[in-house]
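The sequence and structure come before the details.

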Amino acid sequence: GTALDAAFFVRWMTVSSAAVDREADHLTELDSAIGDADHGSNMQRGFAAVAKVLETEPPATPGAVLIAAGRQLISTVGGASGPLYGTLLRRSGKALGEASEVTADQLREGLRAGVDAVAQLGGSAPGDKTMLDALYPAVEALAGASGSFDAAADAAQKGALATVPLQARKGRASYLGERSVGHQDPGATSSALLFAALAEAAK
Ligand code: ADP
Ligand code: MG
Ligand code: MG
């Protein structure tokens, strides 16, 4: 498979930052329906800080890029999504070790460890109407014969859309009980953006 170097991971984060910026109003609109209307601004602030630190002090390895990005999200985003996405990236980065290049298989296993860490931190599972409903299908789609970044992006997008009929069991949306049904989860939607950015960065 293709070797993914530190520059590829910087590109992924930079493309993610642009995507989050472009979709910020949409993310906030979704969060205004079942949350507190700040998911777009949370993600925008966090990923702007990520893009800035990676541009000014580019780390030398894939693992270090993701760890630096995760650290920025944790320190700049006050909402639930900051520690959750920060954990995703930091744990995934840790799993990649100190190699200067990684394979797509290694990235998949790193992301799997990262997503598991999100579930552990959030006390959440697939079906709870959270970012996990996009993240788990995306990681699964990276595995298997037809696994690719495009397939992962597609699976994440489908997972985000599939949160609409669910009742939220975690996060602010869960306070609404049955009234959370019929709305797309903001965090699952931003997760789909991050996987679309991964596919774009690979082109
Ligand atoms: P806050 O809810 O603190 O305002 P955000 O609006 O930035 O934070 O992020 C909300 C998103 O975080 C939700 O849409 C959901 O996807 C995700 N989320 C919240 N709580 C959890 C949890 N316990 N486990 C996984 N994801 C969660
Ligand atoms: Mg919110
Ligand atoms: Mg908030």
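Leaving aside its neighbours within four places in sequence, which residues is Arg 91 in contact with?

## Arg 91

Arg 91 is in contact with Ala 113, Gly 114 and Ala 117, where contact means C-beta atoms, placed from the backbone, within 7 Å. The residue lies in helix 5; helices (H or I, at least four residues) are DSSP runs numbered from the N terminus. Arg 91 counts as buried because it has 23 C-beta neighbours inside 10 Å. The cut-offs are 20 or more other C-beta atoms within 10 Å for buried, 12 or fewer for exposed, and partly exposed in between, with C-beta atoms placed from the backbone. Between the C-alpha atoms of Arg 91 and Gly 63, 28 residues apart along the chain, the separation is 9.2 Å.

## Model and numbering

The model is predicted: local features need pLDDT of at least 70 and side-chain atom pairs count only at pLDDT 80 or more, while totals for chains, interfaces and linings use all residues. Residues are numbered from 1 along each chain as its sequence is written, with chains lettered from A and ligands numbered from 1 in the order in which they are written.

## Shell around ligand 1

There are 23 residues around ligand 1, and Gly 79, Gly 122, Thr 130, Gly 171 and Gly 187 come nearest. A residue is near the molecule if its C-beta atom, placed from the backbone, lies within 6 Å of it. Helix 3 (39-56), helix 5 (81-95) and helix 9 (186-201) each supply at least two shell residues. Helix 9 gives the largest share, three residues.

By class, the shell has six nonpolar, eleven polar and six charged residues. Here Ala, Val, Leu, Ile, Met, Phe, Trp, Tyr, Cys and Pro count as nonpolar, Asp, Glu, Lys and Arg as charged, and the others, Gly among them, as polar.

## Helix packing

Helix 1 (residues 6-22) packs on helix 9 at an angle of about 135°, with the axes 8 Å apart. Axes are lines fitted to C-alpha atoms, for helices over the stretch in contact, and angles run from 0 to 180 degrees between N-to-C directions. Helix 1 is therefore oblique to helix 9; angles under 35 degrees count as roughly parallel, over 145 as roughly antiparallel, 65 to 115 as roughly perpendicular and the rest as oblique. Residues making this contact include Phe 8, Arg 11 and Trp 12 of helix 1 and Ser 190, Leu 193 and Leu 194 of helix 9. The contact of helix 1 with helix 9 has eleven nonpolar, two polar and two charged residues.

The axes of helix 7 (residues 132-142) and helix 8 (residues 149-161) come within 7 Å and cross at roughly 155°. That makes helix 7 roughly antiparallel to helix 8. Among the residues that meet are Asp 133, Ala 134 and Pro 137 in helix 7 and Ala 151, Ala 152 and Lys 158 in helix 8. This contact of helix 7 with helix 8 divides into ten nonpolar, one polar and three charged residues.

## Positive phi and an exposed residue

Most residues other than glycine have a negative phi. Ala 37 has a positive phi near 60° and sits in the loop between helix 2 (24-34) and helix 3. It is partly exposed, with 15 other C-beta atoms within 10 Å. Lys 129 also has a positive phi, of about 65°. Lys 129 lies in the loop between helix 6 (104-122) and helix 7, and counts as buried with 28 C-beta neighbours inside 10 Å.

Ala 7, in helix 1, is exposed because 12 other C-beta atoms lie within 10 Å.

Conventions: Two residues are in contact if their C-beta atoms, placed from the backbone, lie within 7 Å.
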